[in-house]
Each structure stands twice: as structure tokens, then as C-alpha cells.
Number of protein chains: 2
Amino acid sequence: MPADIEPITDLSRIAIHSITTKKLLIETCCKRYAEMGFGGISVWDDAVDGAGAPRVAKIVEKAGLRVPALVRAGFFVSADHRKREASLKLNRKRIEQAKEIGAEMIVIVAGAEPGVPLAEARTQVAEGLAAIIPDADAAGVKLAIEPLHPMYAADRCCINRLADARTLCRELASPILGVAVDVYHTWWDPDLESEIAALGDDGRLFAFHVCDWKTDTKHLLLDRGLMGDGVIDLRGFRGMMERAGFGGMIEVEVFNEDYWAMDQDAYLELIRERVLACV
Amino acid sequence: MPADIEPITDLSRIAIHSITTKKLLIETCCKRYAEMGFGGISVWDDAVDGAGAPRVAKIVEKAGLRVPALVRAGFFVSADHRKREASLKLNRKRIEQAKEIGAEMIVIVAGAEPGVPLAEARTQVAEGLAAIIPDADAAGVKLAIEPLHPMYAADRCCINRLADARTLCRELASPILGVAVDVYHTWWDPDLESEIAALGDDGRLFAFHVCDWKTDTKHLLLDRGLMGDGVIDLRGFRGMMERAGFGGMIEVEVFNEDYWAMDQDAYLELIRERVLACV
């Protein structure tokens with residue numbers, strides 16, 4: 001068994017995804033996260049498009065926050081080649097925005113479309129990534145492929161296992177390409193520890209997203225648990241990441257209608273408690 | 001690409017799971033399935049417990065239906081050893097019931113319990129199977145491990161990939177142990193075709209369950225699609241099974257509140273249409 005993992009005491013290692021408190025303006029997110037001692041914010045596309053990249057850049061700089069990621073781009077899959085071309089254009093825009101706001105990476109959700117067979121979809125993802133790697137490289141922005149849970153394979157993301165993301169990284173062989181490991185999507189994987197170790201060996205462990213898997217999940221998308229609400233051994237998971245060499249920020253990314261409806265200051269206090277107690 | 005697969009014309013290869021029309025009494029299920037030309041019924045535990053195995057045996061015999069499976073047993077996982085022992089007892093009862101009703105196999109859902117780490121849960125499953133194999137062997141009843149979708153890993157089934165079910169079969173090395181391949185649980189697997197082929201080579205392809213994956217799934221358990229409602233290439237899937245040597249019945253297993261609420265005669269007509277059009 002792994003050695004004991006010490007609890008987190010330094011919140012400067014923690015970043016919050018703006019979607020987690022999506023009813024707050026980006027200014028308020030940054031101010032409150034920084035006041036609470038969190039060290040970073042991962043900025044979602046809606047926030048960047050809403051406020052504009054130059055303004056977001058100023059806001060995060062003023063708050064003194066790191067920006068591990070702009071979330072999200074990718075969505076390379078379609079039966080319609082015009083949509084695939086439009087997705088490349090949007091990805092290039094996201095790369096520019098990421099550079100502008102000082103985000104270290106873009107989180108890549110591969111995409112999927114009902115009617116496009118999975119094997120074909122997976123080929124389209126590889127082609128899409130190959131097309132934007134030069135742009136990301138030129139901008140100095142990393143691309144983090146995030147495998148999503150198999151329950152999203154039909155319509156959201158056809159890359160569903162760490163092993164498949166790792167294979168993509170090896171095939172495309174660019175040092176700016178890596179993997180975002182999200183506990184929600186990967187915790188069930190029997191190969192979890194060995195895949196994380198292999199990604200570490202390859203230098204591909206770009207991001208670590210935390211939330212929790214609830215046993216009474218009511219909605220496939222909008223009922224993620226906050227850390228401690230569910231079944232995932234988050235501290236054990238962090239141990240796997242750290243033993244594999246991961247030293248980046250730990251990003252809190254929760255989509256949950258009930259938490260969005262809460263008083264957001266109380267919610268941020270709860271997030272802090274749960275980070276300290278569970279991660 | 002695979003050669004074209006001919007549509008099904010002979011409904012005698014089709015069995016319906018009694019849960020699919022769960023509001024009908026078992027007598028009515030058998031009578032209606034047989035009248036429509038379906039060749040078999042897989043009987044769920046509630047139906048056997050309700051009517052009693054001797055009576056179910058008479059009902060299916062009178063209807064002239066084959067019984068590919070008694071569904072379901074397993075559920076080997078618990079932190080409480082008394083619950084694990086109770087599950088072995090229940091599994092042995094199901095084996096006896098399966099023998100009595102002439103079921104060829106029992107479908108095994110491995111089990112899972114929040115709080116039991118997945119690695120430990122998977123060990124408990126192997127131990128549970130090892131404990132009941134002699135009973136199944138003596139009764140002449142096969143055991144079909146059904147990997148369930150990863151979204152059930154927390155609380156229902158810790159065996160989530162065909163590869164893991166195949167590994168269990170190899171480790172336990174009993175010829176009565178095999179795998180039930182359900183399209184709903186496995187369609188997303190990048191290794192689908194190679195795993196099915198490997199199971200065929202090993203003589204482990206015991207069952208083939210069909211339904212569909214809807215992109216607008218509203219409930220993790222009770223919103224499965226009828227064949228044709230969703231994204232799965234069912235005919236292509238059948239081709240993989242048949243090329244791997246599968247010649248058993250094709251079993252229709254749908255849990256869906258909306259279909260349960262329909263007129264069940266109209267629903268059975270729809271099932272027939274969809275089998276002919278989609279599978």
C-alpha cells in the first residue's frame with residue numbers, strides 16, 4: 001500500500017474553475033478566491049468570451065492568481081467537414097485567448113457526435129489535434145487532453161480512458177501535448193495507478209481536477225459531487241499523482257445545480273473545508 | 001470493414017427479459033412472447049421469487065420458450081462478511097432456481113459498495129465466484145459475468161470492462177464461467193471488437209443483450225433506450241459477436257419507465273419491429 005499522504009495545508013496549490021461558482025462575475029470569482037487564499041483560477045470559455053481576454057488578464061493579474069487553464073476547447077468531431085473546420089478556428093481563438101490571459105494550458109474535450117462511429121470520431125480527434133499543435137506551440141500554450149467518463153462517449157467526448165489519451169500523446173509526439181486527469185471521469189479505471197505512473201514517466205501529467213462521484217447521481221452532467229460527497233478516495237488519488245511526479249495545481253471543478261443555488265460565499269468556505277479534509 | 005450483416009428474419013433467436021415488460025405477469029409474458037414468435041425468455045429474479053420456480057418451469061415449458069438466463073445473481077461485495085456470506089447463499093438459491101426453470105445460465109452482476117475500494121471489491125468478486133462455481137458446476141448451470149457500465153462502479157458493479165471479465169474467467173479457469181456482453185455497458189469500449197474476438201477464442205461468449213444508449217439519458221438506471229432509440233450500431237455489434245463464434249440467443253433487455261407505461265402489446269410489436277430493423 002502507498003505511504004500516507006499528508007493533508008493539504010497550503011491553499012496556494014489550489015485553483016478553482018470559474019464554472020464551479022458560475023453565477024459570480026469573473027471579477028468576483030477572482031477577488032473571492034484570492035481572499036480565501038486559493039492560488040489560482042481556471043477560467044471557463046464563457047467568462048473569457050463575456051469579459052474579453054484583455055480584461056480577464058487584468059482581473060487575474062490584479063488578484064495575483066495563477067491561471068492553470070483556459071477551459072475548454074477541442075470538440076473536433078463532426079460528420080460535417082465545415083463544422084470540423086469551424087472547430088479548428090475556435091480552437092485557435094482559444095489558444096490566443098489562453099496566451100492573453102496567461103493560462104498555462106487549454107483543456108481539450110475531444111468531442112463526439114451521434115452518428116459518427118467512435119473509431120472515426122477518434123481519428124478526427126487525432127487530426128484536429130495535429131492541426132492545432134503548431135498554433136499552440138507558437139503561442140507557448142499547452143494542450144491537455146481530458147478523457148471524459150464513458151457515459152459521455154455518444155455526444156461529448158470519444159476519448160474515455162487515460163490509456164487512450166496517452167496513446168494520442170505518443171502518436172502525436174509533441175511536448176506541448178499532455179493529459180488532464182479528472183477524478184470524476186477516471187476513478188473507476190482498473191488501470192488508474194499504472195496509467196498515471198506511465199503518464200508521469202512520459203512527462204504528460206498536465207492537470208489534476210477534483211470533485212466527487214455521488215452514488216445517487218441525478219443528472220449525467222449537472223450533479224457532480226463536491227469533494228467528500230461521494231465515493232472517490234481523493235487523498236489516495238492525489239498520492240498516485242504525486243508519486244508519478246505531478247507538482248501542478250489541484251483544480252476544483254464542480255458542476256452542480258444545488259451548489260450553484262447556494263450562497264456562494266458559504267459555498268467557497270465549504271470548498272475550502274473539503275479541500276483540507278478530503279484531498 | 002466487416003462484411004455486411006444480414007437482418008434478422010427468424011425471431012426464434014430472440015429472447016425477451018421479463019423485466020422489459022415488467023408489469024405483465026410471468027404467464028402473460030410467456031404467452032405473448034411465444035405468440036409473437038420470440039423464441040425465449042430470460043426470467044428475472046422477482047418473477048421466479050413471485051411465482052415460484054416450479055410454476056415458472058411449467059409456464060415456460062407450456063409456452064415452448066427457451067430460457068437462456070435467470071437474471072440475476074452475484075452482488076458479492078460488502079465490507080460486512082455476513083452480507084458476503086448471505087450473498088453466497090442467495091447465489092446458491094439462484095443456481096437451484098435456474099436449474100429448476102431450465103435456464104442455461106445465471107447472469108452475474110459483480111456488486112460494489114460505497115466505501116469498499118474497487119481493488120478490494122474486485123478481489124471479493126473473484127472469491128465469491130470461486131465459492132459458487134462448484135455449485136453451478138454440479139447443477140449444470142453456467143455463470144455469465146456481465147460487465148456493467150463504469151457509471152455503476154460505485155454501488156452496483158465493480159467489473160466494468162470486457163477485458164476485466166475475461167481476466168476473471170481466465171484466472172478462475174472453469175468452463176462454466178463466461179461473459180454476458182450487453183451493448184449498453186460496452187459499446188463505448190475502444191477494445192470492443194478485439195475483446196469480443198478474444199472471448200470467442202476462449203469459448204466465453206455466453207450471452208448477448210441488446211437495447212440502446214440514448215444521448216438524452218435522463219436516469220442512470222431507468223432510461224435505457226429501445227433498439228433504434230440511440231447511437232449504438234447494433235447490427236455491427238451483432239456482426240462482431242457472430243464473427244467471434246457467438247450462436248446463442250439475442251436477448252432484449254430494456255429498463256425504461258416510459259416503455260413500461262405503454263400498452264404492453266403495442267410495446268411488444270415495437271420491440272419486434274426494432275429487432276428486425278436495427279439488430
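Which residues of H4(A) are buried? The buried residues of this helix are Ser87(A), Asn91(A), Arg94(A), Ile95(A), Gln97(A), Ala98(A) and Ile101(A); a residue counts as buried if 20 or more other C-beta atoms, placed from the backbone, lie within 10 Å of its own, as exposed if 12 or fewer do, and as partly exposed in between. They cover an arc of only 165° around the axis, which puts them on the same side of H4(A); the arc is that of the directions from the helix axis to the C-beta atoms.

## Basis of the description

This is a predicted model, in which local features need pLDDT of at least 70 and side-chain atom pairs count only at pLDDT 80 or more, while totals for chains, interfaces and linings use all residues. Residues are numbered from 1 along each chain as its sequence is written, and chains are lettered from A and ligands numbered from 1 in the order in which they are written.

## Chain A as a whole

Chain A contains eleven helices and eight strands. Helices (H or I, at least four residues) and strands (E, at least two) are DSSP runs, numbered from the N terminus. For 279 residues, a compact globule would have a radius of gyration near 19 Å, and the 18 Å of chain A agrees with this. That radius is taken over C-alpha atoms, and the globule rule is 2.2 Å times the number of residues to the power 0.38. Along the principal axes, the C-alpha atoms of chain A fill a box of roughly 45 × 45 × 35 Å. Of the 279 residues, 53% count as buried. Among contacts between residues at least 6 apart in sequence, 80% join residues at least 24 apart; two residues are in contact if their C-beta atoms, placed from the backbone, lie within 7 Å.

## The barrels

In chain A, eight strands close into a barrel in the order S1-S2-S3-S4-S5-S6-S7-S8, with parallel pairing. From one strand to the next, the twist averages 30°. Such angles run from 0 to 180 degrees between N-to-C directions, and the axes are lines fitted to C-alpha atoms, for helices over the stretch in contact. Two strands pair if DSSP finds at least two bridges between them. Chain B also has a closed barrel of eight strands, running S1-S2-S3-S4-S5-S6-S7-S8 with parallel pairing. Its twist averages 30° from one strand to the next.

| Strand pair | Bridges | Bridge partners |
|---|---|---|
| S5 (residues 142–145) and S6 (residues 177–182) of chain A, parallel | three bridges | Leu143(A) and Leu177(A) |
| S3 (residues 69–74) and S4 (residues 105–109) of chain B, parallel | five bridges | Leu70(B) and Ile106(B) |

## Helices of chain A

Helix H4 (residues 81–101) has 21 residues, which at 1.5 Å a residue should span 30 Å; its end C-alpha atoms are 30 Å apart, in agreement. The expected span is 1.5 Å times one less than the number of residues. The buried residues of H4(A) pack against S2 (40–44), H2 (45–51), H3 (53–63), S3 (69–74), S4 (105–109) and H5 (118–139) of chain A. On the other side of H4(A), His81(A), Arg82(A), Glu85(A) and Lys89(A) are exposed. The helix is followed by Gly102(A), whose phi is positive, near 75°.

In helix H8 (residues 192–201), the residues Leu192(A), Glu195(A), Ile196(A) and Leu199(A) are buried. These fall within an arc of 100° when seen down the axis of H8(A), so they line one face of the helix. Their cover includes H6 (162–172), S6, H7 (183–186), S7 (205–210) and H9 (234–243) of chain A. Just after H8(A), Gly203(A) takes a positive phi of about 70°.

Helix H5 of chain A holds Ala126(A), which counts as partly exposed because it has 16 C-beta neighbours inside 10 Å. Leaving aside neighbours within four places in sequence, Ala126(A) is in contact with Leu168(A), Glu171(A) and Leu172(A).

## Local backbone features

The peptide bond from Val71(A) to Arg72(A) is cis, with omega near 15°, and Arg72(A) lies in strand S3 of chain A. In chain B, a cis peptide bond joins Val71(B) and Arg72(B), with omega about 10°.

Phe75(A) is not a glycine, yet its phi is positive, about 50°. This residue lies in the loop between S3 and H4 of chain A and counts as buried, with 22 C-beta neighbours inside 10 Å. Ala173(B), also not a glycine, has a positive phi of about 50°. Ala173(B) lies in the loop between H6 (162–172) and S6 (177–182) of chain B and counts as exposed, with 8 C-beta neighbours inside 10 Å.
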